[in-house]
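Grab a pencil and work through these exercises with the model open. Each task comes with a solution that goes step by step.

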Amino acid sequence: MPGGDSGMAERAPDPAGPIGSVTTEPLWVRRILIAIAIAFLGLFLLMPLVAVFFEALRGGWAAYRASFDDPDARAAIALTLTVASIAVPMNLVFGVAAAWAIAKFEFRGKSLLVTLIDLPFSVSPVVAGLVFVLLFGAQGLVGPWLREHGVQVIFALPGIVLATVFVTFPFIARELIPLMQDQGRADEEAATTLGASGWRTFWSVTLPNVKWALLYGVLLCNARAMGEFGAVAVVSGHIRGQTNTMPLHVEILYNEYNLVGAFAMASLLAGLALVTLAIKSFLEWRFGGSIASAPAH
Amino acid sequence: MRVQAIGITKRFGSDDAALNGVDVEVRSGELMALLGPSGSGKTTLLRVIAGLETPDSGRVMFGDEDATDIPVRKRRVGFVFQHYALFRHMTVFDNIAFGLRVRGRERPSRAEIAARVGELLRLVQLEEYGRRRPNQLSGGQRQRIALARALAVDPRVLLLDEPFGALDARVRKDLRRSLRDIHDATGRTTIFVTHDQDEALELADRVAILNNGILEQIGTPDEVHDHPASAFVMSFVGESSRLPATVSGGRVLFRDTPVPVTAGIGADGPAALYLRPWDIAFTSGPAGFAGHVVMVRRAAGGRRAEVALDGPDAPHVEVGVPVGASVARGENVRIEIRGGRIFPA
């Protein structure tokens, strides 16, 4: 039974074998649990993924290729890449700064800051988008003033970037904070007693200590930045060729019954997800110690 | 370089003061131990001297210079951290060279750095380890590298926080010796923190004993051991037993029997009598106090018998067992008190 065998392989390190181990369930229980897990994964994750590529290629390779010749599709891809290339570096800087402040210093309001960092996780993306509309929209608080100065935020690139930055903010900070807290301040203190400036300490000591966790956070942040729908949908205005990102474009094409086009675009996003997953797994396998926690001294 | 901490007070949050008006003077070229139980403030004092903590009040003097307001990176102290804090992504060579490379304009040339690092690696007897990474070294080797890294910047004072705390007994012994050798070879003022009295007494020229943020006593190992200034020092340094006693008319009485203690007798009233194992002896005569042996154990220097005295409270005392004497558990014995020290109860 292949399912059962792979389940057994997972338990191989147990030298006492399945018999006699207190925590081992009977064979039939294990098989049922494994079967449920596999069925669930297949139904809810694998099948949709296959369906995306199947639908995308249903009209043949030529039709798939042709769907990317559409200028609107190209504009959507370009916009998504632009947004990600602005939002991810911004969150890289914010995330590192916030994590550094929280992990290495004591200050008033620290727990409030930690709570605020989690806010984007708990707020619905649509609400986040609406907040930006209320702030920067035509009837918003600062929208009219900005408009007078020739800056349009809502229904334009700045709004999309703002919404994306908001939604993806926690990814990098959340990845770094536990690791930096775990590593403590001794390395930085050592560098300082040796005469290094704060800047030098950051580049030579702090950053190298967290680089793999940082890369991991950037990867997750990027995946979410490219895939974000809700918050962006509210602020974008869905102007074809101008403010449509890839996820928004998928929806438009789908609503127009252009299934090949919609799924072709979706297949790009799915491909991105798979690549992210592969790199993430590689990082976890190769540098697991310096992502989850500091290596043992 | 003479180092002085003058009236240092430091408080963390609303807790009791970690340090409360501590005065310590470390003479130039001296090897000083800061000894105390955990929470006594010894590490905080070391960090204040290094500049890693800012005192709420008090001054830190390096020689005649007031160093209190000099930031850590300009203070030129060598600090060895309890868990070494080696830069894990750098080789041993790069770790030691770090302090030389960050100097900016006065940065030595590559060749000078290489020569200096080589010299330090020889000093700590790890010449062959320059290319290794910290995680390829044993605990004792990491400690030596941390020491070499701290020495690389030619510090005015060397500070070590529990330098042998995380090492096993044998490595600890070797390292104590090499710290002493390195200290003697360079003559650099050195302060180390420890909770281990043996380490402090064996290694240090002088020992400063802290308890609850207060300096209890500062002196040579012999002074603090033989002439403890307080009951805390008496009980923390060396072995001792405590008996409830009374002072009456300039005499010390234990159970209404005079005890031959003359020094440090205060006003009449209850007092605490502290006895070293050799202040108590077995006796065969009718004098002394009856009791029975609860346990016999082997201490580093000899054997100790723990004797429970008969009578109220049945206090226990530790008696030094002479070589060749036979004492068995459960045996009924008589002991006499031949000396001791008296402190206010």
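A salt bridge here is a side-chain nitrogen of Lys or Arg within 4 Å of a carboxyl oxygen of Asp or Glu. This is a predicted model, where local features need pLDDT of at least 70, side-chain atom pairs count only at pLDDT 80 or more, and totals for chains, interfaces and linings use all residues. Residues are numbered from 1 along each chain as its sequence is written, chains are lettered from A, and side-chain values use heavy atoms, without hydrogens and water.

**Exercise 1.** Find the salt bridges across the interface of chain A and chain B.

*Solution.* Start with the count: the rule finds two across this interface. Next, take A:E189, which pairs with B:R47 at 2.6 Å between the closest N and O atoms. Then go to A:D187 and B:R88, whose closest N and O atoms are 3.1 Å apart. That pair runs from helix 9 of chain A to the loop between strand 6 (77–80) and helix 3 (92–101) of chain B; helices (H or I, at least four residues) and strands (E, at least two) are DSSP runs, numbered from the N terminus.

**Exercise 2.** Work out how much area chain A and chain B bury between them, and which residues take part.

*Solution.* First the area: about 1,900 Å², with 61% of it on carbon and sulfur atoms. Buried area means accessible area (1.4 Å probe) lost on putting two parts together, summed over both.

**Exercise 3.** Locate the kink in helix 10 of chain A.

*Solution.* Look at A:K211, where the kink of about 60° is centred. The bend is the angle between axes fitted to the seven residues ending at a residue and the seven starting there.

How values were computed:
Contact = heavy atoms within 4.5 Å.
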